[in-house]
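Trainee: I would like to learn how to read cavities, pockets and helix packing in a model. Can we go through one case together?

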Amino acid sequence: MSNVLQRIEEQADFFSDQAEEADALGRLPDTTAKMMRELGVVKILHPADFGGLEGSPIDFYKAIMAIGSRSASAGWVASVVGIHAYQMAQADRRLQEEIWGKDGAASDTWVASPYAPFGKATPVEGGWLFSGRWPFSSGTDHCDWVVLGGLLLGEDGKPVAGDPVRHFVLPRADYEIVPDSWNVVGLKGTGSKDILIKDAFIPDYRMIDPNALSDFELARKAGRDDSPTYRMPFHTMFSGTITAGTLGAALGVLREARAYMKSRVTVKGVATNSDPRHLFVLSEAAADIDASVMQFLSSIEEMWGYANRREEIPMDLRVRARRDQVRSAHRAVEAADKLVKMAGGNALRLDSAIQRAWRDAHMALGHQVNQEDVVYQAWGLHDMGLPVPASARV
């Protein structure tokens, strides 16, 4: 698996060179998507029997950060698309074969999202009629399938009792990508456009209960609970993709600010590569970003140990992992802000790679997964010996 990371590092300049074009296009260039397929990053969590690597989430997140430090948009798309292989591996076998082919011949097929339950599913014979509109479908131009959140409706047209949220999987022919629906200040190259559906038929086997995914019921049904890859908690895995994408952008700010500092001379004639004030800010920010990466990966590594030993992952670790994901993302972006302030006005010119990575980092930080309140409350409640609310999604 380390070969994937090694190949990414060998192509570092490629991703850096493609980042500006991605912003201009409002999506990843075709050559970027092609390179990501060739490198195999999206196959790290893909099941082995369908041509994947069925590997470690640690390798996956490191690969995301390596790409993201050069092109945050490319890292973000790789993370979001890559996690869908982990989910589809636990879906009905018929669906897996539709997406990837019975022999894995279509294993390079990508699946987009989002999971937000903006759709409405009306029961019909054999399945559901599904309609809705969803924003934030990252990388969707390069995907042939999509998994979308929606609500199950009863005969009265109202959401069914209990938990009506489900995930629905559709092929490209059944949905519309809304053009010019991704006009943003950061992560512009992700092409996270809106998805529009009107009364698409979804057979029952293409519907996924996220609760069954979260409690490993789907992994057992799919015969994959013997694989440590699919013994990792869904919410930890998905939220980790957002953390890795955010940290990748922060690492990009650090990388570009350091490069700029090596040759910069201020208007006062100060060479920043030897100036104590600039070196102080760089050192502090680098330490905080490095610490964020280590904190994020530490709990994942601990979980991976439990998964390999086929042991239940304790709630203590699950709530701590989410707490650390959120804190590491915020700490890293706070450090990136200090670097941008130190770099001065030229760093904010539109031809500066520093400002692009900085905008990307703040756009990433705005993702719901990175919001602190519910996550910190969950850790605090558990630490006080009180129940963790389901809304915490740990």
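What follows is a dialogue on this predicted model.

Mentor: This is a predicted model.

Trainee: What is the volume of the largest pocket, and which residues lie closest to its centre?

Mentor: The volume of the largest pocket is about 1400 Å³. Its lining has 45 residues, and those closest to the centre are Phe 238, His 367, Gln 368, Val 369 and Arg 393.

Trainee: Which elements supply at least two residues each to the lining of the largest pocket?

Mentor: The helices are α5, α7 (210-214), α9, α11 (315-343) and α13 (372-383), and the strands are β3 (127-137) and β5 (165-171). Helix α9 gives the most, with five residues.

Trainee: How do the lining residues of the largest pocket divide by class?

Mentor: There are 26 nonpolar, 14 polar and five charged residues in that lining.

Trainee: Which value of phi does Asp 199 have, and in which element does Asp 199 lie?

Mentor: Asp 199 has a positive phi of about 55 degrees, although it is not a glycine. This residue lies in strand β7, residues 193-203. With a relative accessibility of 43%, Asp 199 counts as partly exposed.

Trainee: Which residues line the second largest cavity closest to its centre?

Mentor: Ser 69, Arg 70, Ala 353, Arg 356 and Ala 357 are the closest to the centre, out of 13 lining residues. Helices α9 (234-263) and α12 (353-365) are the elements that give two or more residues to this lining. Of the elements, α12 gives the most, with four residues. By class, the lining has five nonpolar, four polar and four charged residues.

Trainee: And what lines the largest cavity?

Mentor: Its lining has 16 residues, with Val 42, His 46, Ser 107, Thr 109 and Trp 110 nearest the centre. Helices α3 (30-39) and α5 (72-88) each supply at least two residues of this lining. The largest share, three residues, comes from α5. Eight of the lining residues are nonpolar, five are polar and three are charged.

Trainee: Helix α5 lines both the largest cavity and the largest pocket. How does one describe its packing against another helix?

Mentor: Two packed helices are described by the angle between their axes and the distance between the axes. Here, α4 (residues 57-68) packs with α5 at an angle of about 155 degrees, and the axes are 7 Å apart. Angles over 145 degrees count as roughly antiparallel, so α4 and α5 are roughly antiparallel to each other.

Trainee: Which residues make the contact between α4 and α5?

Mentor: From α4 they are Phe 60, Ile 64, Ile 67 and Gly 68, and from α5 they are Ala 72, Ala 74, Gly 75, Ala 78, Ser 79, Gly 82 and Ile 83. The contact has seven nonpolar, four polar and no charged residues.

Trainee: Let us return to α9. Is Thr 243 buried or exposed?

Mentor: Thr 243 lies in helix α9. Under 20% relative accessible area a residue is classed as buried, so Thr 243, at 0%, is buried. Not counting residues up to four places away in sequence, Thr 243 touches Phe 296, Gln 325, Ser 328 and Asn 370.

Trainee: Where is Gly 223 found, relative to α9?

Mentor: Gly 223 is in the loop between α8 (217-221) and α9. At a relative accessible area of 49%, Gly 223 is partly exposed. Its C-alpha atom is separated by 31 Å from that of Ala 378, which is 155 residues apart from Gly 223 along the chain.

Methods. Residues are numbered from 1 along each chain as its sequence is written. This is a predicted model: local features need pLDDT of at least 70, side-chain atom pairs count only at pLDDT 80 or more; totals for chains, interfaces and linings use all residues. Side-chain values use heavy atoms; hydrogens and water are left out. On a 1 Å grid over the protein atoms alone, a cavity is a set of points where a 1.4 Å probe fits but cannot get out, and a pocket is an open set with protein on both sides within 12 Å along at least five of seven lines; lining residues have an atom within 4 Å of a point. Ala, Val, Leu, Ile, Met, Phe, Trp, Tyr, Cys and Pro count as nonpolar, Asp, Glu, Lys and Arg as charged, and the others, Gly among them, as polar. Buried means under 20% relative accessible area, exposed over 50%, partly exposed in between (1.4 Å probe, protein chains only). Contact means heavy atoms within 4.5 Å. Axes are lines fitted to C-alpha atoms, for helices over the stretch in contact, and angles run from 0 to 180 degrees between N-to-C directions. Angles under 35 degrees count as roughly parallel, over 145 as roughly antiparallel, 65 to 115 as roughly perpendicular and the rest as oblique. Grid points are joined across faces, edges and corners, and a volume is the space filled by probe spheres set on the points.
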